Amino acid sequence: MGFPDRIERTVALAHPPTRVWAALTTAEGLAAWFGEEADIDLRPGGAARMRWASGYSVEMRVERVEEPEVFGFTWQIEELPDDDPRRTYVEFTLEPDGAGTRLTVVETGFAQLPEDAYRKVYDGHTQGWASELGELAGYLDAR
Amino acid sequence: MPDDIEAIAEQVFTALADPSRRAILAALASGGPATATDLAARLPITRQAIAKHLGLLTEAGLVTAEPGERRRIRYRLRSAPMKVAQQFLAALARDWDSPLDALKEHLDRGA
């Protein structure tokens, strides 16, 4: 037993925290690098959602909003049915780093997954954060 | 969707460089059109990652979405760009040495 419960990843971005914050917490930002469409009610307890053209969508709930340092949300776990109450928690921490930002993402809650779904979701999110943060950097650099 | 041959080949090779996208394309090639949900059930890739990859593959013109209601949308492989990429590989794989050796042998014999 003893699945790792968390994924942590840090990237250095060449843009100030206020710009990174906007990319993470606005519908426009999220739709540009993460989903294909997004909406967000940016307050603790607020609902957010991202959608893709293939019909997949993920429901999120905003948990922490401490501009421009901490943004946290919970979201549905893909391999579980839509009405399953289990969620993982994602927290972004933004620290000024020279003229740029050191961005850390921590996702926790994988240990609550059933064994058959665990490997696919944990490996998927480990690869997923690597590619998503790359897309975030690409989006910020392109503007 | 790109229209010049270089750009098409580049899109194909970029798509094939990622193991998850190779798996998605291979599943569509062998099993025919499928929805994102079908692919997630068949492959060790999460639904969210499949949704992202299908978006990228559609933009690159390597798959097309058949019209349909969300979640029922089936994706189909487009073979045309693969054929363009195949021409690049065929040019590289062509074995120039044996015909040249044969020519040399032929000329040597005549001398």
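What pattern does chain A follow when read along the sequence? In this predicted model, the pattern of chain A is β-α-α-β-β-β-β-β-β-α, made up of three helices and seven strands. The radius of gyration of chain A is 15 Å, close to the 15 Å that the globule rule gives for 143 residues, so chain A is as compact as a globular protein of that length. The C-alpha trace of chain A spans about 45 × 30 × 25 Å along its principal axes. Of the 143 residues in this chain, 28% count as buried. As for contacts in chain A between residues at least 6 apart in sequence, 43% of them join residues at least 24 apart.

On one side of the sequence, strand β2 (residues 37–40) of chain A runs antiparallel to β3(A), and four bridges join the two. Within this pairing, A:Ile40 has A:Ala48 as its bridge partner. The hairpin of β2(A) and β3(A) has six residues between the strands, and here A:Gly45 takes a positive phi near 90°.

Strand β3(A) also pairs with strand β4 (residues 57–66) of chain A, again in the antiparallel sense, over five bridges. Between β3(A) and β4(A) the hairpin has five residues, and A:Gly55 takes a positive phi near 105°.

Turning to chain B, the eye can follow an open sheet of three strands with antiparallel pairing, in the order β1-β3-β2. Its edge strands are β1 (34–35) and β2 (63–65) of chain B, each of which pairs on one side only. Strand β3 (residues 74–77) of chain B pairs with β2(B) over three bridges, in the antiparallel sense, and B:Leu77 in β3(B) stands opposite B:Val63. Helix α2 (residues 19–31) of chain B packs on this sheet and touches β1, β2 and β3 of chain B. The direction of this helix makes about 85° with that of β3(B).

Finally, how do the chains meet? The contact takes 13 residues from chain A and 16 residues from chain B. On the side of chain A that touches chain B, the largest share, four residues, comes from helix α3 (residues 115–142) of chain A. By class, that side of chain A has five nonpolar, four polar and four charged residues.

Key:
Residues numbered from 1 in each chain as written. Chains lettered and ligands numbered in written order. Predicted model: local features only at pLDDT ≥ 70, side-chain atom pairs only at ≥ 80, totals over all residues. Contact = placed C-beta atoms within 7 Å. Nonpolar A, V, L, I, M, F, W, Y, C, P; charged D, E, K, R; others polar. Pairing = 2+ DSSP bridges. Axes fitted to C-alpha atoms, helices over the stretch in contact; angles between N-to-C directions. Rg over C-alpha atoms; globule rule 2.2 N^0.38 Å. Buried ≥ 20, exposed ≤ 12 C-beta atoms within 10 Å, placed from the backbone.
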